[in-house]
Amino acid sequence: MQHIGLRTKLIAGFIFVVLLPLLISGLVASNYISRELNRQVTKITAERLHQVNMNIERELRSLAQITNFIRIDDSIPDVLENPATSEHSMLRSVQLMDQKFLQISTMAVNEPLYVTLLDFHGHMYSNWSQPRQSIERVSRTDWFKQTLEQDGYPVWTLNHDNYMTPGGEALVTQSMVIKDQYFQRQLGVLVVSQPVGPYLKVLQTQDPSLDSLGFIVDSRNTILGEDPERLSELYPEIEPVLLRGSGSSEVMLGDRLASVSNYSMGLTNWRVVQAFYYDDLFANTKRIVAWMVSVFVISLLFFFLLVIIVSNLFTRHLNRLRTTIKKIESGQLEERYDVRTRDEIGLLGKSFNLMVSRLVSSMEREVVLERRKEQAKLEALQAQINPHFLQNTLNTLKWMSIMAKTTSITEMLMALGHLLDVSIHRGQEKITVAEELENVRRFLVIQKYRFGETIRVREDIDPLTLDTQVPKLSMQPLVENVYSHSVFGESGGEVVIRSSLEGETVRLSVIDDGMGVAAERLNEVRQHLDDTGRGSFSRIGLKNVHQRIQMMYGPQYGLTIERDEEQGFTDVSITLPWKGEDQA
């Protein structure tokens, strides 16, 4: 597997754990902000359009109220139907109309307001001074002809020429025919006009930094706005939006994206249109976003540089430790890591140096032990000369005793020879319980001739335990311990050799009814069994048996000593696994 450096992992971890989540979060947040800004723009545009609509409709309703005020006045049809025939009657009609015009002036929202009343006898009454040519200019207009055709219905005219002052400010006009009380005969025409100035003021954007469009358009595509030439140029791109009805849409006006909103006024069926360019609306936002992105990128670069610096500081000591490990792997065991820091790496270096020192010491001890082992093998080969000599001598004595028919000596020599043969041949470390019991019986033959019949031996053997593997010469020291340390009365004593199966454990016990030892001495013996000191090669004792069993089968097995003072028994037992992994 290819090696990947810790520094590379730290940088990759920064990219995948920090950088990518931040970038993804930034993109998600940017998309969300963009949608939210679009929603806010649409909302602001709609609110702005609603406010403009209210202001314009207020102006138009003012004209409609004035028209209704004059239309429902009973004296107006009388003036129109009975024109003045004398100077006195003319003066009376003019005074009547002046009073009406004075009342109307209090109803006007904005000044100036032009009110004109024409009859079909060549008379014209108005609240403005007019030349004679004014009647002709009004009667020649298209909207005047349309008013006559509508026969009593109001006609709204947007942004038409000034009929009072040629070349003057354009007007917004409502006109309608005045009829008699039976609504059958046309008596005259009422014209209420207002300059377009107040409307243009309402359409103006309050924020001069925004490049926006605001205009009014009627059903004949007559447009009222601040920049007629520009509106004429852009109107073909806006017109499809107006055909879809009231609402807001995104439209490309030239090469710029704009939000276009329109609203239809039910009073006149005109449409009020507001258009805002997104780049103007988002100019400040874009500057803030650009500043935030710059700060974000600079912060990421700084943090990335910091990660590289920290990773270099961190991995530099690890690389030195790695170099030291490589040298030790190559056999330079005298190398040690130079600890320069007090952090975790420094502690790791100290632990590594200590481990290497212990490893070197262990290797040196292994070399010494190996040499001693070879020396011990050599000494063991040399030492075999004397046991073999003794065994041959015992065999000679055995045959001499057989020929002399000394049965007791023969039995002792045969038992001693068997035990000596078992001790010399060390190739087999484990034997069965049955074989170990045979060794014990041979040992008891010798003890019988030494101590006589004072100690009676009884066997209680479970046949299921006879095939269990047991360390060679493990029960003989237990029996020898009875003859060496137990104290019996004049009548002698009894020794029970027992084997039993307890679940998956075999227990081999030597139980005697001697006086035993004191409790303090018994505790010392138990502590001696758990001591890790080395035993003597020349004598196989209880400690030797305990350690060999634990080395072969584990610390859960071994030798135990129990004393029952009430019954007067001492129980020395060894526990073994029943048909363990090393057994057939």
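Author: Aspartate 460 is partly exposed, at 34% relative accessibility. That class lies between buried, under 20% relative accessible area, and exposed, over 50%, using a 1.4 Å probe and protein chains only. The model is predicted, so local features need pLDDT of at least 70 and side-chain atom pairs pLDDT 80 or more, while totals for chains, interfaces and linings use all residues. Residues are numbered from 1 along each chain as its sequence is written, and side-chain values use heavy atoms, without hydrogens or water.

The partner of aspartate 460 is arginine 498, in a salt bridge whose closest N and O atoms are 3.1 Å apart. Aspartate 460 belongs to strand S12 and arginine 498 to strand S14, so this pair ties together parts 38 residues apart in sequence. Helices (H or I, at least four residues) and strands (E, at least two) are DSSP runs, numbered from the N terminus. Arginine 498 is also partly exposed, at 30% relative accessible area. A salt bridge here is a side-chain nitrogen of Lys or Arg within 4 Å of a carboxyl oxygen of Asp or Glu. By this rule there are 13 salt bridges.

Another of them joins glutamate 494 and arginine 458, at 3.3 Å from N to O. Glutamate 494 sits in S14 (residues 493-502) and arginine 458 in S12 (residues 455-461), so the pair ties together parts that are 36 residues apart in sequence. Glutamate 494 has a relative accessible area of 26% and is partly exposed; arginine 458 is partly exposed too, with 39%.

Aspartate 279 is in helix H8 (residues 278-281) and arginine 256 in strand S9, so the parts tied together are 23 residues apart in sequence. Relative accessibility is 31% for aspartate 279, which counts as partly exposed, and 22% for arginine 256, also partly exposed.

S9 (residues 256-265) pairs with S10 in the antiparallel sense over 8 bridges; pairing requires that DSSP find at least two bridges between two strands. Across that pairing, valine 260 stands opposite alanine 275 in S10. The hairpin of S9 and S10 has 4 residues between the strands, and asparagine 269 takes a positive phi near 65° there. On S10 (residues 270-277), 7 of 8 residues are buried, so the strand is largely enclosed by the rest of the structure. S10 also runs antiparallel to strand S6 (residues 212-217), joined by 6 bridges, and phenylalanine 215 has valine 273 in S10 as its bridge partner.
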